[in-house]
Amino acid sequence: MFSDSPVNVVGFNHTETHRKGKTEKSSQYNGLFTEDKSCDTVDVKTVETQTDAFENIDIGKIDLVALNNCLEKGLRLLKTECNGWPEMHSYEEKIQKDINDDKTIKVSLRQHPSFGAKNISALGWNCSGDKLMVATGEHCHTQWCNHLNSVFVYTISDLENNGSTVSNKLEVTSCITCLATHPTNEYLITAGLYNGELLICNTNDNMSMVSLEWHSQPVSESLWFVRSDLRVVLITAGKDGYVCVGTMMSDKIKFIQRICRYLVGIPGKVGIQCFDYSNRHFLVALENGKISSHLCGTTRNIKEDQVLEAVTVKTYNGCSLMIENIQFCHKNSTTFIITQFDCTILLYNVYQKDPQKIIFNQKLITRLCWSLENEFIVYIGEDNGELTKINLINEKTDSIKKFKSCDIIAMKINPKRKNIAIGSLQGEIYICKYE
């Protein structure tokens, strides 16, 4: 069942409590480093059960009318007490729709000499959908990071012809925590690092690179976004509690500058765990489990690198202290979804405090992708290596693909083709159809 042992989550080192009579065991599991304690066994005398006493009950002596009245009162009480609770939908058996292995592309990074014993940390497709970027990094840190890591660039045409050639490679001196590709320039990629740096790289210009020191702690998320005024902005969120917004002043990456910063977390104490951005709002899930939405106040009158007050639209009631994923719907920017460590999926409206729907999943959800075409379909990656499609209207769950001996750690839908890239903790990449 549940262990009371301390757990080291990425970037945190909780002090171990030693107890007499226990032995230590260590294990690496899906990005979490746990230290479990196995207790010494104690002999316990068997207690005889009293089940025989219930087998000889005389039904004729029971007042069934009174029993029925009691049950009805209990049901009425439950309905009254639970009236304000969000609806919890029970798990439905998955419909297996396994895709033929011949149609799945598999690439193992373990074969690459630069990969070694590292892990995949992030994936990204360029805007043309013909190149796949794969970032590496460790998922457990107990101290500041100076590990050598890489971003590998693959072409989809080479992978479809059973190749595994790396067309380009970017090397960095820290673990990569997130990856983003430019929405209109197919050659620009952005890598957020554990040491707080943000790297912008042009893969078509001899891998020219610019380093931006926007955060003082690990970068949680980075993304490019095309605003309604057609300005392309770069948004990042970090463990230092800041959300940063920048823009390119020309086509050259060296002219990227930070416009403003929002302080959302508590510097040095509570950082940003998950983040997403739309034209009007940005969403933040903090490390303490707090979920909130804020107004985007980036106007042309803001002075360069100004620290702005984050205007809160709404705070939300969640069910867990650990948020795994948070995403806006691509088709409806007032709808967003979160997944939690307790295997639940919560669907929200930006302007409503409580979730519109709660769906329970039997397995731990490690990654989530919202469908690019259908606002009621999401795809989840599970810790047992299963890719699953969920219909948010009828809660119908379809198993699309099961990968053997695979812990899904990264997942990205191709913007131009109906396929999805999946990265495993074991260093393998899978590309398959999701419809």
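The model is predicted, so local features need pLDDT of at least 70 and side-chain atom pairs count only at pLDDT 80 or more, while totals for chains, interfaces and linings use all residues. Residues are numbered from 1 along each chain as its sequence is written, and side-chain values use heavy atoms, with hydrogens and water left out.

**Overall make-up**
- The protein chain has 3 helices and 34 strands, where helices (H or I, at least four residues) and strands (E, at least two) are DSSP runs numbered from the N terminus.
- Of its 435 residues, 50% count as buried, a term that stands for under 20% relative accessible area, with exposed meaning over 50% and partly exposed in between (1.4 Å probe, protein chains only).
- Among contacts (heavy atoms within 4.5 Å) between residues at least 6 apart in sequence, 48% join residues at least 24 apart.
- The protein chain exposes about 22800 Å², of which carbon and sulfur atoms supply 50%; accessible areas come from the Shrake-Rupley method with a 1.4 Å probe, and for residues only the protein chains shown count as cover.

**Cysteines**
- The structure holds 0 disulfides, a disulfide being a pair of cysteine sulfur atoms within 2.5 Å.
- Cys 127 is buried at a relative accessible area of 17%, and Cys 329 is likewise buried, at 4% relative accessibility.

**Surface patch**
- Ile 62, Leu 64, Leu 67 and Leu 71 make a nonpolar surface patch of about 370 Å²; patches are made of residues with over 30% relative accessible area and no salt bridge, with like charges joined within 9 Å and nonpolar side chains (Val, Leu, Ile, Met, Phe, Trp, Tyr) within 5 Å.
- A salt bridge is a side-chain nitrogen of Lys or Arg within 4 Å of a carboxyl oxygen of Asp or Glu.
- Leu 64 lies in helix 2 (residues 64–81) and is exposed, with a relative accessible area of 53%.
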